[in-house]
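This report goes through one structure, starting from the ligand and ending at the core. Please keep the sequence and the 3D view open while reading.

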Amino acid sequence: MKAVVVYESHWGNTEAVARAIADGLGEGARALTTDEASGDAIAGADLIVAGAPVMAFGLPSDKMRDSLVAEVSKAPRPPDLSHESMRSWLDRLPAGHGRSATFDTRIWWSPGGATGPIDRGLRRAGYMPIDLRNVRPAARRRARPCPAMGSRTRPGRGSRRDGSDAGLTQLLRQRQINALRGQS
Ligand SMILES: Cc1cc2nc3c(=O)[nH]c(=O)nc-3n(C[C@H](O)[C@H](O)[C@H](O)COP(=O)(O)O)c2cc1C
């Protein structure tokens, strides 16, 4: 499986998460800046995982990135604005046929996030999202009584709607958990 993790990061938080995800995905998976993620680097990718920091409750805009220059005096170090934005990377993303997953980094709570626009951009290019809702902790995957079937049961709300995703999402989640545990 060719898996690529693409990130926008100004101070390194999103980059660190991207690298942990790539480590978790295993051999061959690479974490790439938006500049690095072009041409052969993403051609034929089976999975693209893309992430960015949340800014002003959403995916950073060019205007927001420009304003970061003014933040330099307040930050411990200057923001890295040397790579193109996730927005512009998504705009020029060539058509593909793989699957996708998204993530963002943020302060503890935010009413909005960066993953919505990333998800839409990836879908537009043909990378359909894996459905992490299908992966539920075993304890919550209890079968509920089904009145129509008497004493027999049916799966709960977390039942697999797309069996082809289930193995992949389980693998991704477990590998991410392992990678993050390894770093702690
Ligand atoms: C100008 C600016 C705006 C931000 N806006 C938000 C926000 O709306 N919501 C939020 O949860 N975090 C916000 N943050 C926090 C960043 O999302 C967070 O620090 C992120 O991890 C930075 O990622 P990076 O180190 O990869 O650049 C903001 C940070 C900056 C500098």
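## The ligand shell

The ligand is surrounded by 17 residues, and Asn13, Thr14, Pro53, Arg106 and Ser110 are the closest. The model is a predicted one: local features need pLDDT of at least 70, side-chain atom pairs count only at pLDDT 80 or more, and totals for chains, interfaces and linings use all residues. Residues are numbered from 1 along each chain as its sequence is written.

By type, the shell holds seven nonpolar, seven polar and three charged residues. Here Ala, Val, Leu, Ile, Met, Phe, Trp, Tyr, Cys and Pro count as nonpolar, Asp, Glu, Lys and Arg as charged, and the others, Gly among them, as polar. Helix H1 gives the most to this shell, with three residues. Helices (H or I, at least four residues) and strands (E, at least two) are DSSP runs, numbered from the N terminus.

## Strands E3, E4 and E5

Strands E3 and E4 run parallel and are joined by seven bridges. Pro53 has Thr105 as its bridge partner in E4. E4 also pairs with strand E5 (residues 128–129), in the parallel sense, over two bridges; pairing requires that DSSP finds at least two bridges between the strands. Arg99 stands opposite Met128 in E5.

E4 is mostly covered, with six of its seven residues buried. A residue is buried if 20 or more other C-beta atoms lie within 10 Å of its own, exposed if 12 or fewer, and partly exposed in between, with C-beta atoms placed from the backbone.

## Helix H4

The buried residues of H4 are Ile118, Gly121 and Leu122. Seen down the axis of H4, these residues fall within an arc of 95 degrees, so they line one face of the helix. The arc is that of the directions from the helix axis to the C-beta atoms. They pack against E3, H3 and strand E4 (99–105). Arg123 and Arg124, on the other side of H4, are exposed. Gly126 follows the helix and has a positive phi, near 105 degrees.

## The nonpolar core

The largest nonpolar core has 31 residues, of which Val4, Val5, Val6, Ile21, Ile48 and Ile118 touch the most other members. Such a core is a set of buried Ala, Val, Leu, Ile, Met, Phe, Trp, Tyr and Cys residues joined through C-beta atoms within 7 Å. At least two core residues come from each of strand E1 (3–7), helix H1 (13–25), strand E2 (30–33), strand E3 (47–53), helix H3 (86–91) and helix H4 (115–124). H1 gives the most to this core, with six residues.

Leaving out residues up to four places away in sequence, the contacts of Val5 include Ile21, Leu32 and Val49. Two residues are in contact if their C-beta atoms, placed from the backbone, lie within 7 Å.

Is Tyr7 buried or exposed? Tyr7, found in strand E1, is buried, because 30 other C-beta atoms lie within 10 Å. Among the residues that Tyr7 touches are Thr14, Glu15, Thr33 and Ala52, not counting residues up to four places away in sequence. Tyr7 and Ala52 are 45 residues apart in sequence and 5.7 Å apart in space, C-alpha to C-alpha.

Arg77 lies in the loop between helix H2 (62–68) and H3. Arg77 is exposed, because 9 other C-beta atoms lie within 10 Å. The C-alpha atoms of Arg77 and Trp11 are separated by 7.8 Å, with the two residues 66 residues apart along the chain.

Key:
A residue is near a molecule or strand if its C-beta atom, placed from the backbone, lies within 6 Å of it.
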